[in-house]
Structures are given as C-alpha cells and as structure tokens.
Amino acid sequence: MRGMATVKTAKPSRAERARQTRRRMLDRAKELFIAQGYAATTMEQIAAAAGVAVQTVYYTFKTKGQLLTEVVEVTAAGDDDPLPPSSRAWMREMLASSSAQRVLALGVENGTAIYDRVAVLWPAVGAAAAADPSVDVYWRDVLAHRRSGQRGMVARVAELGGLRPGLDVERATDLVVVLVGPDVYRGLVQEARWPLPAYKAWLFTTLLQQLLDSRELDPNAADELSFAELVPPMIP
C-alpha cells in the first residue's frame, strides 16, 4: 500500500550460509552414523540427506573418517564452534574453586555431561578406529587429552590439600581416569539404565571416598548442579 514502508529481510551472508550448510551436513551425518553405523554410512547418503552435492561433502571434510571426528567434536562440545576445554566457563570455575569437593563436583557434572552427549557415537568411533588409522590416532589423542584434563582437576585438589595421605597426583589421576571413564558410564547408564543424576551422585560420592582426606561433606559442593538433591548428607 502507498505510504507503507517495505521491510526487507536481510539475507544471510555467504559465511553464514556456509556455516549453516556445514552444520546441516554434520547433523545428517550424525543421524546416519547412529542409525546405520560407520561402515554402512556413505558420503553419498550424507550428501543426499543434507541436500548438497557429494563433492561438497568431500570438499568440506575430505574423508568419512574426518567427518566423523568433526561430528564427535561438535557433539562433545554441544555447539558448532567449540572452545578448547580450558576456555570453558565451568573449567575456569573448577580450577579456581577453593573447595576440593566443589572441584570434584564440577568435574563430575560437566565431564559426564560430555559422555551423555557423545555416547551414542561410540559404536561408530570404535568401528572407524578399527578401519581408519587416522581415526584411531584421533581417538587416542582424545583419551590422552581426557587424562590431561582430569589430572588438572586432581592437581587442583592436591593444591588445596585435599588428597588423602599416601595418595599422590599420579595415582589419584589413575583412579579418576577409570572411575570418570566411558566404561563405567556405559555400564551404569547405558546398560544398567541408571538415571544420569543418580550416576553423577554416585560418582561424586565415590570420588570423595577414594581421593579425599576429609569425610566431612561440604554442604555447598554440589550447589545448583543436577545431582545436588541426590548427594547423601554424609560421606559413607
């Protein structure tokens, strides 16, 4: 109508369109890897599901193995522009905490949340690692970085004087790597069907028992975390 202003909708920039296309390919690849497994999923299927030419998938990700590793990275981070773990707010809060129990509570809350997001991809990663040396190297690197991050958590507990007598940082890290590891998550959450908060509460309590000198529970350690209401009033 005469006199009415025309509102123009801004078109996405070229960079934004490319980002959206990349994310669509990652999302469709993830769905297919979960539904069909790694070996049965082809780049052609991913391209068709994402509505792009197969050449676009190859140009963007080079190989199916590389595409899977990027799917894992984005899924673990929870977004498509993942920050390194050391830059995440929860990691900074954990390493700055003055309570050893709060350090462990934050590590449990956020470390196991990563498992909750990425566990559906573990079968595809296992199959890919067995067939593709580059994926095997990638996964070994993931495990090494996981240990490094968990060692940082333990080192902070040690700085606060929280480790029980006779337990050094390396031995404590060994315990954390096993307890806060994918096998325990798989056994209790995926196979035994424990609710995630119940698993986190058990894991937190178990870490307190195994690592710390004090049996007195910090009442604020799990404040505002998903498993806070399930933490027992005393450390067994």
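How are α9 and α11 oriented to each other, roughly parallel or roughly antiparallel? In this predicted model, local features need pLDDT of at least 70 and side-chain atom pairs count only at pLDDT 80 or more, whereas totals for chains, interfaces and linings use all residues. Residues are numbered from 1 along each chain as its sequence is written, and side-chain values use heavy atoms, with hydrogens and water left out.

The axes of helix α9 (residues 169-179) and helix α11 (residues 196-211) come within 11 Å and cross at roughly 165°. Here helices are DSSP runs of H or I with at least four residues, numbered from the N terminus, and axes are lines fitted to C-alpha atoms over the stretch in contact, with angles running from 0 to 180 degrees between N-to-C directions. Angles over 145 degrees count as roughly antiparallel, and α9 and α11 are therefore roughly antiparallel to each other. On the α9 side, A172, L175, V176 and L179 meet residues of α11 including W202, L203 and L207, contact meaning heavy atoms within 4.5 Å. The residues of this contact divide into nine nonpolar, two polar and no charged.

E109 is buried, with a relative accessible area of 14%; buried means under 20% (1.4 Å probe, protein chains only). Leaving aside neighbours within four places in sequence, E109 is in contact with K200, L225, S226 and F227.

As for confidence, the mean pLDDT of the protein (the predictor's confidence in each residue, from 0 to 100) is 90, and 92% of its residues reach 70 or more.

How values were computed:
Buried < 20%, exposed > 50% of the residue type's maximum accessible area, 1.4 Å probe, protein only. Helix = DSSP H or I, 4+ residues; strand = E, 2+ residues; numbered from the N terminus. Parallel < 35°, antiparallel > 145°, perpendicular 65-115°, else oblique. Nonpolar A, V, L, I, M, F, W, Y, C, P; charged D, E, K, R; others polar.
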